[in-house]
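Please keep the sequence and the model in view while reading.

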Amino acid sequence: KLINRLSKVITKCLLLNEEEIHTKVGNKWKNADFSKPASAVKSLDYETNTVTYRDYRGFKGKVKIPDVQKINGMSHEELIEKMDLDYSDLIDYYGAEGR
């Protein structure tokens, strides 16, 4: 009798201590595109389970930088001299890369 009771107690303990096994079901989002970076996600619609992505078309034009000499007739070096700046001061302030 003791063995039967002990086996029942052990069985109940084992059944109560069993952890529920979770399995990965898949992707919740219907139109998820894993080739795009996470930063491209604009918004998530939890009602329809859809993802809205940002439109990255890229800039294909050229950045137009005005020619300083045409505007005021001075070169970059002459402007810096007129502003009483030293190249080494500029490099110290902006760094060698000219950030």
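Which residue is the bridge partner of Ser-43 in β2? In this model, which is a predicted one, the partner of Ser-43 is Thr-52. The points below begin with the chain as a whole and then turn to the strands and the aromatic rings.

**The chain as a whole**

- The secondary structure consists of 4 helices and 2 strands, and from the N terminus on these elements follow one another in the order α-β-β-α-α-α.
- Of the 99 residues in the chain, 9% count as buried, while the accessible surface comes to about 10100 Å², with 56% of that area belonging to carbon and sulfur atoms.
- Among the contacts in the chain with a separation of 6 or more, 0% are accounted for by residues 24 or more positions apart.

**The β1–β2 hairpin**

- The strands β1 and β2 run antiparallel and are joined by 4 bridges, and together they form a hairpin with 4 residues between them.
- Besides the bridge between Ser-43 and Thr-52, there is one in which Asp-45 has Thr-50 of β2 as its partner.
- Asn-49, which is found in the loop between β1 and β2, has a phi near 55°, a positive value in a residue other than glycine. As background, most residues other than glycine have a negative phi.

**The aromatic pair**

- The structure holds 1 aromatic pair, formed by Trp-29 and Tyr-46 in an edge-to-face arrangement, with 5.3 Å from centre to centre and 70° between the planes.
- Because Trp-29 lies in the loop between α1 (2–16) and β1 (41–45), and Tyr-46 in the loop between β1 and β2 (50–53), the pair ties together parts that are 17 residues apart in sequence.
- Are the two partners buried or exposed? Trp-29 has a relative accessibility of 18% and therefore counts as buried, the cut-off for that class being under 20%, whereas Tyr-46, with a relative accessible area of 56%, is exposed.

**Lysines over aromatic rings**

- Lys-28 lies over the face of Trp-29, at 5.3 Å from the ring centre, and Trp-29 is also a member of the aromatic pair with Tyr-46.
- How far apart are Lys-36 and Tyr-53 in sequence and in space? These two residues are 17 residues apart in sequence, and their C-alpha atoms lie 8.8 Å apart in space.
- Lys-36 itself lies in the loop between α1 and β1, and with a relative accessibility of 37% Lys-36 counts as partly exposed.

Methods: Residues are numbered from 1 along each chain as its sequence is written. This is a predicted model: local features need pLDDT of at least 70, side-chain atom pairs count only at pLDDT 80 or more; totals for chains, interfaces and linings use all residues. Side-chain values use heavy atoms; hydrogens and water are left out. Rings of Phe, Tyr and Trp (its six-membered ring) pair if their centres lie within 6.5 Å; planes under 30 degrees apart count as stacked, over 60 as edge-to-face and the rest as tilted. Buried means under 20% relative accessible area, exposed over 50%, partly exposed in between (1.4 Å probe, protein chains only). A charge sits over a ring if NZ of Lys or CZ of Arg is within 6 Å of the ring centre and within 35 degrees of the ring normal. Two strands pair if DSSP finds at least two bridges between them. Contact means heavy atoms within 4.5 Å. Accessible areas come from the Shrake-Rupley method with a 1.4 Å probe; for residues, only the protein chains shown count as cover.
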